[in-house]
Amino acid sequence: MGFFQRYEELPEISPQTGEIVRCNERLSINGDDFDVYLTEQTFSESVLTALCTNSVIKRQFGDVKITVGQNDYDTFRYINHGVSDLALVKNNVVNAFGASEIYGYQELASHPDYTAYFIALREKPELSKEYLLGKRIGILDYPSSRSGHIVPKTVLKSLDLNDNNVSLHYYSSHKELRRGLLSGEVDIISSYWDKNDAETLSKSYITALENSVSGMRWYLKMQTRNTDLKCAVQNIIKEVAATQTKKYYQQVDIKEPCADANAQ
């Protein structure tokens, strides 16, 4: 008996974590990095610039490392293991991992709660089994997302609907959900309503699924009473929020703001 061998050059495997960005050059000889985890791409550039130029960050750290997560694996890795010093995530993620108790994550700021909707292109979706049977429904391939995954699946389950009687299509982002709806890949998507949606979609064709979905939260790992860092990050969050193009992210509520609002 013999055997057959065949050698082929396989394509490179893309990194299994999100995009990573750093300051243009190290801030000091300090070996500690200030690790940041975001789930929103639009924040990365402005947060990086603000952190890399902040005097408190320069005093306490040698560099800034920002990771923009792409999926739940990224979030699990950075939050469950306490890797990140600063994170922008949903509070259900932090609560599920017990990250506040284990790693001292403290909520610094929050963006508003919002409503989750079924959104269609040409008619108002109905929340009935008869209407939704056979529909192609776009949701997020991100099990921790409430508006894009948890809420729609909960609604479908309550109507005794599942993969056998509706067609679920999974997308990587809310932007991709909208592309799938506009291109005709799906009949309905589950998401939030953004003011910019009015340019391509009609508010007449949305149906509320849940009215109080928890908004994004900023968490800082406070294992020591590092008040200079806390105050500096609070200021950075406010500055960065003011530069955002999405109205939702412009609205931010600072928790227990520092007395010295201009701490640097």
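Visitor: What is the handedness of the link of Cys-231 and Cys-258?
Guide: In this predicted model, the link of Cys-231 and Cys-258 is left-handed, with -100° about the S-S bond. The two sulfur atoms are 2.1 Å apart.

Visitor: Which parts does the pair tie together?
Guide: Cys-231 belongs to helix α9 and Cys-258 to the segment after β12 (253-254), so the pair ties together parts that are 27 residues apart in sequence.

Visitor: Are these two cysteines buried or exposed?
Guide: Cys-231 is buried, and Cys-258 is buried as well.

Visitor: How many disulfides are found in the whole structure?
Guide: The search finds two. The other entry to discuss is Cys-23 with Cys-52, where the S to S distance is 1.9 Å. This link is left-handed, with -95° about the S-S bond. Cys-23 sits in the loop between β1 and β2, while Cys-52 sits in helix α1, 29 residues apart. Both cysteines are buried.

Visitor: And what pattern do the disulfides follow?
Guide: Counting bonded cysteines along the chain, the pattern is 1-2, 3-4.

Visitor: Staying with α1, which of its residues are buried?
Guide: In helix α1 (residues 44-52), the buried residues are Ser-44, Val-47, Leu-48, Ala-50, Leu-51 and Cys-52. They pack against several elements, among them β1 (19-22), β3 (63-68) and α9 (227-242).

Visitor: Let us turn to the sheet. What is the order of its strands?
Guide: The order is β8-β7-β9-β6-β10, in an open sheet of five strands with mixed pairing. β8 (167-171) and β10 (206-213) are at the edges with a single partner strand each, so one side of each has no neighbour in the sheet. From one strand to the next, the twist averages 20°.

Visitor: How many bridges join β6 to β9?
Guide: Four bridges join β6 (residues 114-120) to β9 (residues 188-191), and the two strands run antiparallel. Within this pairing, Ala-120 of the chain stands opposite Ile-188 in β9.

Visitor: Which helix packs on the sheet?
Guide: Helix α7 (residues 146-158) does, touching β6, β7 (136-140), β8, β9 and β10. The direction of α7 makes about 110° with that of β10. Helix α8 (residues 174-182) lies across β6, β7, β8 and β9, and runs at about 160° to β9.

Visitor: Now the rings. How many aromatic pairs are there?
Guide: The count comes to eight aromatic pairs. One of interest is Tyr-114 with Tyr-192: the ring centres are 6.1 Å apart and the planes stand at 80°, so the pair is edge-to-face. Tyr-114 lies in strand β6 and Tyr-192 in the loop between β9 and β10, so parts 78 residues apart in sequence are tied together.

Visitor: Why is Tyr-114 classed as buried?
Guide: Tyr-114 has a relative accessible area of 14%, and buried means under 20%, so the residue falls in that class.

Visitor: Which residues form the aromatic cluster?
Guide: One cluster is formed by Phe-43, Tyr-114, Tyr-192, Trp-218, Tyr-248 and Tyr-249.

Visitor: What sits over the ring of Tyr-192?
Guide: The charged end of Arg-178 sits there, 5.0 Å from the ring centre. Elsewhere, Lys-135 lies over the face of Tyr-131, at 4.1 Å from the ring centre.

Terms used: Residues are numbered from 1 along each chain as its sequence is written. This is a predicted model: local features need pLDDT of at least 70, side-chain atom pairs count only at pLDDT 80 or more; totals for chains, interfaces and linings use all residues. Side-chain values use heavy atoms; hydrogens and water are left out. Two strands pair if DSSP finds at least two bridges between them. Axes are lines fitted to C-alpha atoms, for helices over the stretch in contact, and angles run from 0 to 180 degrees between N-to-C directions. Contact means heavy atoms within 4.5 Å. Buried means under 20% relative accessible area, exposed over 50%, partly exposed in between (1.4 Å probe, protein chains only). A disulfide is a pair of cysteine sulfur atoms within 2.5 Å. Rings of Phe, Tyr and Trp (its six-membered ring) pair if their centres lie within 6.5 Å; planes under 30 degrees apart count as stacked, over 60 as edge-to-face and the rest as tilted. A charge sits over a ring if NZ of Lys or CZ of Arg is within 6 Å of the ring centre and within 35 degrees of the ring normal.
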